[in-house]
Amino acid sequence: MESRKKRRSFNYFALVMVFIIGYFAFRLVGQQVHLQQIAEDQAVADARLAAAQAENEALKQEKANLQDLSYVEKIAREELGMTRQGELPYTEAGK
């Protein structure tokens, strides 16, 4: 008869386990969000690095071109409109 009347006591162990599982689930989700943010930041940094490397290569090529006198003369004639001594500048009437 006592076994029938036995009251169910509150199961503290189950409550503690629910809290522990909830805590670790919360931490896991937080870490995943943090890792996603880091991955996005790394992608942005990689893109900036690639752009900087491309600009660096272009500047190195420009520096090498500026060592060539024919290139410097071409730039002086085309962009600055310079002429040699004794030459007459030619400009198109349509410009």
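Biologist: How many helices and strands are there in the chain?
Modeller: The chain has three helices and zero strands. Both are DSSP runs numbered from the N terminus, with at least four residues (H or I) for a helix and at least two (E) for a strand. This is a predicted model, where local features need pLDDT of at least 70, side-chain atom pairs count only at pLDDT 80 or more, and totals for chains, interfaces and linings use all residues. Residues are numbered from 1 along each chain as its sequence is written, and side-chain values use heavy atoms, without hydrogens and water.

Biologist: Where is confidence lowest and where is it highest?
Modeller: Lowest in helix α1 (residues 2-5), with a mean of 54, and highest in helix α2 (residues 12-66), at 97. That is pLDDT, the predictor's confidence in each residue, from 0 to 100. The chain averages 89.

Biologist: OK, overall shape. What order do the elements run in?
Modeller: From the N terminus, α-α-α. The chain is more spread out than a compact globule, because its radius of gyration is 37 Å, well over the 12 Å from the globule rule for 95 residues. That radius is taken over C-alpha atoms, and the rule is 2.2 Å times the number of residues to the power 0.38.

Biologist: What box do the C-alpha atoms fill?
Modeller: Roughly 125 × 35 × 10 Å, along the principal axes.

Biologist: Now F13. Is F13 buried or exposed?
Modeller: F13, in helix α2, counts as exposed because its relative accessibility is 58%. Exposed means over 50%, buried under 20%, and partly exposed in between (1.4 Å probe, protein chains only).

Biologist: And what share of the 95 residues is buried?
Modeller: Buried residues make up 2%.
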